[in-house]
Amino acid sequence: MQLQVTNSPFNESQAELLNRLLPTLTHSQQVWLSGYLSALSLLGDTGQAGPAVLPLAAEAAAGVSTSTNAMPQPEVSREVTVLFGSQTGNCQRLAASLSRKLEEQGFKVTVAAMNSFKPNGLKKIENLLLLVSTHGEGEPPDNARAFHEFLYSKRAPQLPQLRYSVLALGDTSYEFFCQTGKDFDQKLEELGAQRLTPRADCDLDYDEPVAEWFGHVIRSLSGSGSQQAAAIADDAVLAAESAESLESAYSRNHPFHAEVLENLNLNGRGSDRETRHLELSLAGSNITFEPGDSLGVYPENHPQLVQEIIAAMGWEAGESVPLNKKGEEGTLHEALLRHYEITVLTKPLLEQAAKLNSAPALQELLSPDRQQELKNYIHGRDLLDLIQDFAPWEVPARSFVTILRKLPARLYSIASSYNANPDEVHFTVRAVRYESHGRERYGVCSVHCAERAEPGATLPVYIQSNPNFKLPANPDTPVIMIGPGTGVAPFRSFLEEREEQGAQGKSWLFYGDRHFVTDFLYQTDWQRMLKDGVLSRLDVAFSRDTDEKVYVQHRILEKSRELYTWLQEGAHVYVCGDEKHMAHDVHAALVAVIQQEGGLSPEGAAAYLETLQQEQRYQRDVY
């Protein structure tokens, strides 16, 4: 094997010398040299080796017992720090499961959220495992922001003693796939840390790559054989899945088929929006949940799109194809309807498609100098567009479906309290319909729920617990809830729960939408709760009812003095809804309130809000 300058720490002349020397060495010479180099490494930066070191090193390398004054071999630390950055709880569950498995192997493990770890402590640890998701447009989750900022600041120390590995969760349909994990991996390397194992970038269907990464990490830390490490890793992923499903037999990989009890349109006549309130039966499932958790729903693709894809490719709807990587088979129609994603294009999908179709236009679109054009093409197009734009395709259905991504579940904030509605779960979804590139398009799950989830039908569902969006442990604590549009859903759950608890804490809801008459979601619920004292205050903003558009952040600024008083009294603040615009605007409004009413500088106000976040008094469920 030849040393290459590009993949080794040697310059060109050193690599040439080594390539000339190494092939000439006998086995005993290689062993002796290995021991000699090990001894040198023990001397640190001096690089000074006295004559006595050489025979000792050779004897140690050969496994020979040495005298009592022989230099000791370095011991690998059995202490491991596991840090997670998680918005919805996936990385947190996986971190806990990995930690348990490492402890079973005799490691001393410290596991913590990134925002509760003092980053200066990095100088004192040797083994670091980071599990982090990417949020929004390549941004860290809320509880990873401060850690991310520290690593990219001038205060970050050099970390030559640190060994690390990164598990990154993301979604390949986003441009900045797994960006936060990539950031951490790159920065730690720049700070002098050494990788235990390569970073793993995981798409929505993450079980297999997570298990593989677990195996690599456990093997690197413990030195166990690959088969044993793989078994440990699989157990760890299964344990995370089990924890996710609580005491029920149902989970993300084994959803419960829940019967639809109610499906109501919450918008009034004349509205240009359609927002559905669905109530599902959980009877017989043993599924429970807490306010703040989400409901995962596995949808069906639109039947018309499925038919058009099959027709465009000249396939037969009834032919047998793989349904998943487990080898299960089903009809092509079944596969495209319920098992594979067909409404989203990603760069990895186009790269796989280019291996099946040599059309020059497709090959050129994927060339490195056309990245922006590729990005523009992917946006707003689906699998039918890809098929039509680069026809003809001479590919059998069995081969084609293997390049498709598994149809992922959609997560919705639960809009009901389990204690108030036993064996039921309610959720809110706004139907998405629009035109793009000359065709009507549909939100996969939202239109499935709006058009084809009638009472009596069933939906495959599971509970995704969210430990980062929870009511205060003390029901007498005041809460401030900010949720325009469908973002108000979890606050219906919050208030139903507090009503069941008989909570004495004050509650304040900020709600916004377009029109008061047609778009005031759950209006009768809020009015009843105000009357009964469950809801203390309600401030609303309907942007299209006034000449100048008014949003929830404007109401926050108008009520700045009262809101700051609530904060000083210990109130918890919750924000749910659109991350790209609303959540940023609300965050800025909160900083402005704290700055104005607290007499703080902009930096001081931002630090105040950061402290609230670290204390779990400022929580967001944004998407």
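Here are some questions and answers about a predicted model of a protein chain.

Reader: Hello! To get my bearings, how many helices and strands are there in the chain?
Author: Welcome! This is a predicted model. The chain has 623 residues, and 50% of them count as buried. Its secondary structure comes to 23 helices and 21 strands.

Reader: Among contacts between residues at least 6 apart in sequence, what percentage join residues at least 24 apart?
Author: Here, pairs of residues at least 6 apart in sequence are taken into account. Of the contacts between them, the share that joins residues at least 24 apart is 74%.

Reader: Let me start with β1 and β2. Which residue in β2 is the bridge partner of E79?
Author: Strand β1 covers residues 79–85 and strand β2 covers residues 108–113, and the two pair in the parallel sense over 6 bridges. E79 belongs to the β1 range. Its bridge partner in β2 is K108.

Reader: I would like to look at H277 next. Is H277 buried or exposed?
Author: You will find H277 in strand β8, residues 275–281. Its relative accessibility is 3%, and the cut-off for buried is under 20%. H277 therefore counts as buried.

Reader: With which side chain does the side chain of H277 make a polar contact?
Author: Leaving aside neighbours within four places in sequence, H277 is in contact with several residues, among them E262, N263, H426, R492 and Y522. The side chain of H277 makes a polar contact, at 2.8 Å, with the side chain of Y522.

Reader: How many of the residues of β21 are buried?
Author: Y618, R620 and V622 point one way from β21, while Q619 and D621 point the other way. In a regular strand, side chains alternate between the two faces of the sheet. Residues on both sides of β21 are buried, and the count is 5 of its 5 residues.

Reader: Which residue stands opposite Y618 in β21?
Author: Strand β20, residues 572–577, pairs with β21 in the parallel sense over 5 bridges. Opposite Y618 stands V573.

Reader: What separation is there between the C-alpha atoms of E610 and D142?
Author: E610 is found in helix α23, residues 602–614, and is partly exposed, with a relative accessible area of 26%. D142 is one of the residues that line the largest cavity. E610 and D142 are 468 residues apart along the chain, yet their C-alpha atoms are separated by 9.8 Å.

Reader: One last stop: which residues are the closest to the centre of the second largest pocket?
Author: The second largest pocket has a volume of about 1,600 Å³. Elements that give two or more residues to its lining include α7 (207–222), α8 (226–244) and β16 (458–464). Of the 48 residues that line this pocket, the closest to its centre are D205, N324, H339, K406 and L407.

Definitions and conventions: Residues are numbered from 1 along each chain as its sequence is written. This is a predicted model: local features need pLDDT of at least 70, side-chain atom pairs count only at pLDDT 80 or more; totals for chains, interfaces and linings use all residues. Side-chain values use heavy atoms; hydrogens and water are left out. Two strands pair if DSSP finds at least two bridges between them. Helices (H or I, at least four residues) and strands (E, at least two) are DSSP runs, numbered from the N terminus. Buried means under 20% relative accessible area, exposed over 50%, partly exposed in between (1.4 Å probe, protein chains only). A polar contact is a pair of N or O atoms within 3.5 Å; within protein, one must be able to donate a hydrogen and the other to accept it, and residues adjacent in sequence count only if both atoms are side-chain atoms. Contact means heavy atoms within 4.5 Å. On a 1 Å grid over the protein atoms alone, a cavity is a set of points where a 1.4 Å probe fits but cannot get out, and a pocket is an open set with protein on both sides within 12 Å along at least five of seven lines; lining residues have an atom within 4 Å of a point. Grid points are joined across faces, edges and corners, and a volume is the space filled by probe spheres set on the points.
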